[in-house]
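Visitor: Could you take me through a close look at one part of this model, the nonpolar patch on the surface, and at the backbone of the loops around this topic?

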Amino acid sequence: MFDVEKITADCVAWIQNFFKENGPTCNAIVGISGGKDSSVVAALCVKALGKDRVIGVLMPNGEQSDISASYDLVNHLGIEYMVINVHDAVEGIKNSLPFEPSVQTITNIPPRVRMATLYAVGQSKNGRVANTCNLSEDWVGYSTRYGDAAGDFSPLSNLTVTEVRAIGTYLGVPSHLVNKVPTDGLCGKTDEENLGFTYETLDKYIRGIEEPDEKTKAVIDHKHKINLFKLSFMPIFDPGEITY
């Protein structure tokens, strides 16, 4: 059984220890999307460091229809925040490419620009950048390498969507943020519609509670296998392995 009180306390202590060892006076820099993950990470950082050491960064790409959720979160937590529109940077990259970019390329440019933005804020505001990915999405590759999958510390990477929502509820994050249905922001479909299965099904499989049907299990296993590279540091050549 998931002990939300203990895991939350342990995670808060872990964040405190990370900052003690990697910047005792530093701020936590959190990209705020208005979804459950960034909301819960921000709330955990406030619990660990106090609201005066957490900076939220809202990064719409032009017009963002659900940006009100991001404002709800930063106002609820009472943290400092800034709004940096990444539209011009994203379009600048796309328009400078000497070829027609693939759909995958177009999808991944914004999260990589947003991560560059977070590090720009972090370096100027004495900060450490929070990774906001969770275990479920990482498991099936729902993250962008060197985009939202980057960061200096990651509170949620070993926690499923179900567990993240439980922590958010426990911390008093507004329900409409904790339970907000995630979408890809491109085709209008939810993450679960794109994946072909629910996070509840995925989470139960990850935790060994219940296996999905054979077809769904095969899809999950395949997605996990082909996306494992995203969770590993890049291979490094070691000249010490060479024998002459």
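Guide: Helices (H or I, at least four residues) and strands (E, at least two) are DSSP runs, numbered from the N terminus. This is a predicted model, in which local features need pLDDT of at least 70 and side-chain atom pairs count only at pLDDT 80 or more, while totals for chains, interfaces and linings use all residues. Residues are numbered from 1 along each chain as its sequence is written, and side-chain values use heavy atoms, with hydrogens and water left out.

Tyr-146, Phe-233, Met-234 and Ile-236 together form a nonpolar patch on the surface, with about 510 Å² of accessible area (Shrake-Rupley method, 1.4 Å probe, only the protein chains shown counting as cover for residues). Such a patch takes residues with over 30% relative accessible area and no salt bridge, nonpolar side chains (Val, Leu, Ile, Met, Phe, Trp, Tyr) being joined within 5 Å and like charges within 9 Å; a salt bridge is a side-chain nitrogen of Lys or Arg within 4 Å of a carboxyl oxygen of Asp or Glu.

Tyr-146, another member of the patch, is found in the loop between helix H6 (135-139) and helix H7 (161-170), and has a positive phi of about 65° although it is not a glycine. Most residues other than glycine have a negative phi. Asn-126, in the loop between helix H5 (103-124) and strand S4 (127-129), also has a positive phi, near 55°.
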